[in-house]
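Q: I have a model open and would like to learn how to read its features one at a time. Could you walk me through it?

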Amino acid sequence: MPRAAPLRRAALAALAILVLIPLPAAAQSLTVGCLLNGDGSFDGYTLFAPIASTTTYLIDNGGFLVNSWESSYRPALSTYLLESGHLLRAAKISNPNFNAGGSGGMVEESSWDGDLLWQYTYSTSFHHQHHDIEPLASGNVLVVAWEYKSQAEAIAEGRNPSLITQGKLWPDHVIEVEPTGATTGTIVWEWHVWDHLIQDYDPGKPNYGVVADHPELIDLNYPSVGAAAGNADWNHLNSVDHNAEFDQIIMSSHSFDEVWVIDHSTTTEEAAGHTGGASGKGGDLLYRWGNPETYDAGGAAEQRLFAQHDAKWIPDGYPGEGNILVFNNGTRRPGVDYSSVEELVPPVDALGNYTYVPGSPYDPEDPIWSYSAANPPDFHAQNISGATRLPNGNTLICDGPAGTFFEVTAAFDTVWFYVSPVTQFGPLDQGDPPPSDGRNVFRAERYAPGFPGFDGHDMTPGDPIEQYPLGVEEAVEGVAGASSDVVARLALHPSRPNPFTPATAIAFELPETGRVRLAVYDVRGRKVATLVDGVRGAGEHSVSWDGRNDRG
């Protein structure tokens, strides 16, 4: 069956979509794609890469496809648009030595038109990229990766043998790669967790000391209890972000339930030590927040983060600039699991120095702003997920396991809502119920219309990603005799006259038990009119609408 014809912005003022929802027995509704594009949403373009798919999508606020990129590999896991208009993404390749959630191994850069420009592999028996990457203004890329340590190596550094349940350890490290060719890159900087350890288990081994006296170091034997204790994937860093003003890096450690900040102004040699760089502290932690138990400065009552993801600074010029935003998954939260988005004000001065009172948790005590559902357990994303601040002060939130994205205002009003229609088998038909799993999305990013990467490219939206099996004629016929699972969207192609300019009459016939609601939407997905609501009974019906009243 043919899909609906593409929609074009050229006729934005007058062009509209007619959504006909036959209701023969029970109320029907849209199930996937853009379900809400309300007043106050930030008009832009949203980028996302379904984990089960090899396609990356860019949609407008109405849910219409603007561009897509194909790869031979699934994402692993993050995806970004560059100011050049190129797509930068992590890709998943097989490595039996590192088989855990978020495993990747490769970084790809493609042109706007999908030509592969760079494919850099960072995967051997001793190291492997995972979860996140971060493009830098220089053109270099930060890459999060595991490195292999044997059981003997871990014990030699003071690891408790009972916490090596898998016979190995994968401490994390971050590298900065300069692309040098189609498949090559030079590592120009690196930082390793393994260079910044403290342990109070074995006084005869290196790194022995009082954990509470060294919040700048990472306890080799944390966590000692719980689901993550003893895992080879010890730190499980799942995000990395760069602050250009201070030349600092923030990372999210899932297993430690906290975020870490380090100095990126160091040389690689300084990053391996405890002095040097703008901070004078080498590669030691400058700041950490979320779980003071990791450095013996608090307990369960002071913990604020629970299996969090996507820690990042709010960009300059955005409401909350310089604050840290983090998606708090809320898994293992005391009482009941629920997710929230936290905005915190770090205790940092104009030079990038963080204040700390020894023996106490790092400030702040609580976030300055936090979003959760009105009934908190109603929103729980147990893994992946993310949040990003938008230029108008709204926050775009990705519920990763559900494959849904929604935008909330500072006052917690939802003004945009999108359900990814993409499964491992491809896009769903509109009206199909989304499966309970298989639609995972790591994160979603929103780009403003003035983003430099869009310059010189055709931003005309095409069809939605979800399928509309009924064409225009079939959909019109379907109003009278449609089955209960039919939702027909009539998209008006610019090559035919626009019947909504200036006015149109719509005639339809209902079956004996029929009901129908007709609504008109502009191409941004905003409802501009409800033509009929609750028409009942068999027979002919007709309604008129004047397109000159279109407020869109």
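A: Gladly, and we can begin with rings. Rings of Phe, Tyr and Trp (its six-membered ring) pair if their centres lie within 6.5 Å; planes under 30 degrees apart count as stacked, over 60 as edge-to-face and the rest as tilted. In this structure, Phe327, Trp369, Tyr371, Phe379, Phe406, Phe412 and Phe417 form one aromatic cluster. Please keep in mind that this is a predicted model, where local features need pLDDT of at least 70 and side-chain atom pairs count only at pLDDT 80 or more, while totals for chains, interfaces and linings use all residues. Residues are numbered from 1 along each chain as its sequence is written, and side-chain values use heavy atoms, with hydrogens and water left out.

Q: How many helices and strands are there in the protein?

A: Helices (H or I, at least four residues) and strands (E, at least two) are DSSP runs, numbered from the N terminus. The protein has three helices and 37 strands.

Q: How many aromatic pairs does the structure hold, and what is the geometry of Tyr287 and Tyr362?

A: There are 30 aromatic pairs in the structure. For Tyr287 and Tyr362, the ring centres are 5.4 Å apart and the planes meet at 85 degrees, so this pair is edge-to-face. Tyr287 belongs to strand 21 (residues 287-289), and Tyr362 to the loop between strand 24 (340-344) and strand 25 (369-371), so the pair ties together parts 75 residues apart in sequence.

Q: Are Tyr287 and Tyr362 buried or exposed?

A: Buried means under 20% relative accessible area, exposed over 50%, and partly exposed in between (1.4 Å probe, protein chains only). Both Tyr287 and Tyr362 are buried. Across the protein, buried residues make up 56% of the 552 residues.

Q: What kind of aromatic pair do Trp369 and Phe412 form?

A: Trp369 and Phe412 are stacked, at 5.8 Å centre to centre with 20 degrees between the planes. Trp369 sits in strand 25 and Phe412 in the loop between strand 28 (404-408) and strand 29 (414-419), so parts 43 residues apart in sequence are tied together by this pair. Trp369 counts as buried at 12% relative accessibility, whereas Phe412 is partly exposed at 42%.

Q: Which residue lies over the face of Trp369?

A: A charge sits over a ring if NZ of Lys or CZ of Arg is within 6 Å of the ring centre and within 35 degrees of the ring normal. Arg389 lies over the face of Trp369, 5.4 Å from the ring centre. Elsewhere, the charged end of Arg333 sits over the ring of Tyr338, 3.9 Å from its centre.

Q: How many residues are in the largest nonpolar core?

A: A nonpolar core is a set of buried Ala, Val, Leu, Ile, Met, Phe, Trp, Tyr and Cys residues joined through side-chain atoms within 4.5 Å. The largest one has 27 residues, and Leu58, Leu81, Ile133 and Phe454 have the most contacts inside it. Elements giving it two or more residues include strand 3 (45-50), strand 6 (75-81) and strand 14 (172-179). Apart from it lies another core, of 25 residues, with Leu136, Ile164, Val193 and Ile218 among them.

Q: Where does Leu58 lie, and which residues is Leu58 in contact with?

A: Leu58 is in strand 4 (residues 55-60) and counts as buried at 0% relative accessibility. Contact means heavy atoms within 4.5 Å. Leaving aside neighbours within four places in sequence, the contacts of Leu58 include Leu47, Trp69, Leu81, Trp112 and Phe454.

Q: What is the volume of the largest pocket?

A: On a 1 Å grid over the protein atoms alone, a cavity is a set of points where a 1.4 Å probe fits but cannot get out; a pocket is an open set with protein on both sides within 12 Å along at least five of seven lines; lining residues have an atom within 4 Å of a point. Points are joined across faces, edges and corners, and a volume is the space filled by probe spheres set on the points. The largest pocket has about 1500 Å³. Of its 50 lining residues, Glu134, Pro135, Asp241, His242 and Pro315 are the closest to its centre. Strand 18 (237-243) is among the contributing elements and gives the most to the lining, with five residues.
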